[in-house]
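Please keep the sequence and the structure in view while reading.

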Amino acid sequence: MRAPRALWLAIPAALLGASLSAGPAHADPIGGTGWTLAFSDDFSGTAVDTAKWNYRTDVKAYSAQRPENVSVADGLMNINLKQETYGGKSFTGGGLISKQSFRYGYYETRAKINDGAGWHSSFWLMSGDGSTTLSPTARTEIDGFEIDSTSSPTALTTNHSGVHTWKGNGVAASYNPGSTYNTGLDLRQWHVYGIDWAETSVKFSIDGVLKYTAPYAPSQWTHDYTNIWLTSIGYGTSPNPAYLPSAVQFDYIRYWQKDYYIDNDGPAAYGYSETGTWLDSTLTGWTYASPTRYATCGSAGNTATWRPNLRSAGTYQVYVYKVVYANSDANARYDVAGTTTYVNGTSGSSGWVSLGTFSLPAGTSTAVKLTSSGTGCARADAVKFVQV
């Protein structure tokens, strides 16, 4: 039988479809409408869905991670924790990492942690495929929960949530807001954990109760696209064999999206295109160290277009990120949904500029189009569609 799911059953049945626009489950700490379920796995089959997941396979601290330790049965994903010799270690753990990568939105899982000292179980976001945590592309890390197991019945109540920033290849950056706190809960029982990642902060919740908010503005560090990690490894102290074999269990994972950011580079450039002559600029854009583009100075008619794939129809306020510089285009034209706005890139300060509020359909029919005026250099970075 599937494990007790009183909390899970509080989710409206209508939310279980893959093309929904309703809000997140009961643990949503932010409320509101316009949310679309964009990724989910209820682990309802008999094996890991390898179209969605990579296995964690690194060797780290006290354990080696093995695909064989991850199983799906009775509606649960199990990370089996074992005492066995493998990869030069005396213990093995494991986990799953989503093949898809995501950025802003609401992430939620329901999990049950093992007993017995020596295991570090986590629900977290970072770029990677599970083969290493020292990837050159790993710059943003967001930890929904980091729980270190213990054999003491009164001590398995502590959780860490927060943000870690990296320069790649395991080199730490300087901005790392986080909180280690006593939840007041027995984390060996089922609990719902939420991560609400927005442009300027990350909110962490347990069972629908907001526990910690980490300030995290784009100017503080790069906001990368990240993969979802559900993992458990031997860490902190050597695992206690008396409690093995054991398992960490996950009931489901879900990710909802509401707002849409389209950039000129990276995964968020899926809807970006140019005509005319454009070059890489040394000026950075809306998120830390992100590159921007510029059209040939003094040349009119160059265009840059950002076309989002809106998962749901709705009312959106549309913004463009203005890069201010002395020789920027003083009269850049932006067209969206039949409305034209002119933006002076030589005055004021760099930042988001509203192009208006629009009722927009789902899909890819809406776009923001920049056309250079020929006065200075038109500059292209990013646009965003924020549901209101």
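## Strand 23 and its sheet

Strand 23 and strand 26 run antiparallel and are joined by nine bridges. The model discussed here is predicted. Within this pairing, V318 has G356 of strand 26 as its bridge partner.

On strand 29, which spans residues 383–387, strand 23 (residues 314–322) has a further antiparallel partner, and five bridges connect the two. Here Y316 has Q387 of strand 29 as its bridge partner. In general, the strands of a sheet pair through backbone hydrogen bonds, in either a parallel or an antiparallel sense.

These pairings belong to an open sheet of four strands with antiparallel pairing, in the order 18-29-23-26. Strand 18 (260–262) and strand 26 (351–360) stand at its edges; each has a single partner strand, so one side of each is left without a neighbour in the sheet. On average, neighbouring strands of this sheet are turned by 20 degrees against each other, when direction is ignored.

How many of the nine residues of strand 23 are buried? Seven of them are, and strand 23 is therefore described as mostly covered.

Strand 20 is joined to strand 21 (residues 291–295) in the antiparallel sense over five bridges. In this pairing, W278 stands opposite A295 of strand 21.

## The cavity

A search of the whole structure finds one cavity of 30 Å³ or more. The volume of the largest cavity is about 90 Å³. Its lining includes Y321, K322, V323, Y334, C377 and R379. Strand 23 and strand 24 (332–336) are the elements that give two or more residues to this lining.

## Salt bridges

Side chains of opposite charge can pair when their charged atoms come close. In this model the count comes to 12 salt bridges.

| R66 | E84 | 3.5 Å |

R66 lies in the loop between strand 4 (63–65) and strand 5 (70–73), while E84 lies in strand 6 (residues 76–86), so the pair ties together parts that are 18 residues apart in sequence. Are these two residues buried or partly exposed? R66 has a relative accessible area of 17% and is buried, because buried means under 20%. E84, at 22% relative accessibility, counts as partly exposed.

K384 lies in strand 29, and E199 in the loop between strand 13 (191–197) and strand 14 (201–206), so the pair ties together parts that are 185 residues apart in sequence. K384 counts as buried at 10% relative accessibility, and E199 is buried with a relative accessible area of 13%. Elsewhere, salt bridges that share partners join R66, E68 and E84 into one network.

Strand 17 covers residues 246–257 and contains R254. With a relative accessibility of 1%, R254 counts as buried. Which side chain does the side chain of R254 contact? The partner is the side chain of D42, and this polar contact has a distance of 2.7 Å.

Definitions and conventions. Residues numbered from 1 in each chain as written. Predicted model: local features only at pLDDT ≥ 70, side-chain atom pairs only at ≥ 80, totals over all residues. Heavy atoms only, no water. Buried < 20%, exposed > 50% of the residue type's maximum accessible area, 1.4 Å probe, protein only. Polar contact = N/O pair within 3.5 Å; in protein donor to acceptor, adjacent residues only side chain to side chain. Pairing = 2+ DSSP bridges. Axes fitted to C-alpha atoms, helices over the stretch in contact; angles between N-to-C directions. Salt bridge = Lys/Arg side-chain N within 4 Å of Asp/Glu carboxyl O. 1 Å grid on protein atoms, 1.4 Å probe; cavity = no way out; pocket = protein on both sides within 12 Å on 5 of 7 lines; lining within 4 Å. Points joined across faces, edges and corners; volume = space filled by probe spheres on them.
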